[in-house]
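Let's take a walk through this model together, beginning with a sheet and ending at a ligand.

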Amino acid sequence: SSEDDQPLMNVEDDIVDTNLSLSNETDDQEVGEESAVLGDPWMDMLDNVKVGGKWAPDTNVWEKIAIVVPYRGRRAHLKMFLLYMHPFLQRQGRDYAIYVIGQRGQELKFCKGILYNIGFISVLKDGDYDCIIFHDVDLIPEDDRNIYTCGDTPRHLSVAVDKFNYKLPYKNIFGGVVAMTPAQYRLLNGYSNLFCGWGGEDDDMYKRMHKHKLEISRPDEDIGRYTMFQHELGDENKQRFNLLKTSDLRADKDGLNNVGKVRAKITSMSRQRLFTHIVVNVGKRY
Ligand code: BGN
């Protein structure tokens with residue numbers, strides 16, 4: 001069996017054991033020596049995370065956010081993502097939780113839209129979120145001024161990615177990291193469930209926005225900067241060009257309102273130390 005089927009149960013143990021070696025301290029080691037090297041505030045920020053990957057500042061903030069990360073078989077990326085994102089969101093003083101939505105099953109390619117739709121439904125059952133951030137696991141924000149928040153219209157946060165020379169590759173790109181309120185997401189009927197494999201699901205989402213006359217909101221190019229982890233190009237979706245021809249026709253019946261009936265079934269939700277893990281069976285038979 002492949003990496004995809006393995007439970008993610010020990011990801012946070014791996015982080016502690018191999019990356020930070022917190023549990024390798026012996027009695028004759030000076031306690032605190034190691035954390036001084038890594039920086040105490042940074043270590044505290046991971047220690048402060050509540051089980052399930054949640055954190056909130058002492059004083060109430062205006063908005064509760066959920067980070068939704070679709071996932072299949074990229075353990076190394078997920079580790080780095082979690083190690084970076086918790087301190088980042090805490091520095092911004094956000095009231096947040098991180099959810100990892102894993103795809104189980106080999107029948108279909110990676111169906112990001114299905115995982116986003118199931119993720120959306122599951123996180124709102126779990127908490128009263130005002131804003132959902134849909135986040136690729138391989139993107140890391142570089143600038144703390146890029147506030148993780150929603151806007152009056154759907155917000156595209158990953159404006160300037162290193163891989164694209166810190167420029168928008170095209171005007172209406174809506175992939176990578178985006179933020180939507182539950183009301184915005186429901187209006188658009190979420191993502192299409194038909195895009196499996198790399199590419200196009202974000203362009204389909206843009207067409208939904210266009211249909212509803214919603215403009216993309218974005219941070220400035222010098223603020224919305226991201227580093228992308230190196231990896232092989234994903235297994236492409238060869239049907240994406242054809243699917244994008246029928247976006248407008250499908251928008252109201254292919255998405256959030258039928259995700260439970262097609263190709264997907266949620267199997268479990270579990271609390272890990274640095275995230276809440278939702279596993280979704282995805283296949284032709286569901
Ligand atoms: C585009 C992809 C997007 C992807 C960006 C950036 C397609 C549809 C065919 C026109 N779109 O080309 O999904 O986010 O590149 O990588 O492939």
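Two strands are said to pair if DSSP finds at least two bridges between them. Strands themselves (E, at least two residues) and helices (H or I, at least four) are DSSP runs, numbered from the N terminus. Please keep in mind that this is a predicted model, in which local features need pLDDT of at least 70, side-chain atom pairs count only at pLDDT 80 or more, and totals for chains, interfaces and linings use all residues. Residues are numbered from 1 along each chain as its sequence is written.

Start with the open sheet, where three strands follow the order S5-S9-S7 with mixed pairing. Strand S5 (139-141) and strand S7 (160-161) are at the edges with a single partner strand each, so one side of each has no neighbour in the sheet. S7 and strand S9 (residues 225-228) run parallel and are joined by two bridges; here Ala160 has Arg225 in S9 as its bridge partner. S5 pairs with S9 in the antiparallel sense, over three bridges, and Ile140 finds its bridge partner in Thr227 of S9.

Now turn to the ligand. Its shell takes in residues whose C-beta atom, placed from the backbone, lies within 6 Å of it: Pro169, Ile173, Gly175, Gly199, Gly200, Asp202, Asp203, Arg240 and Phe241. At least two residues of this shell come from each of helix H7 (201-211) and helix H8 (240-243).
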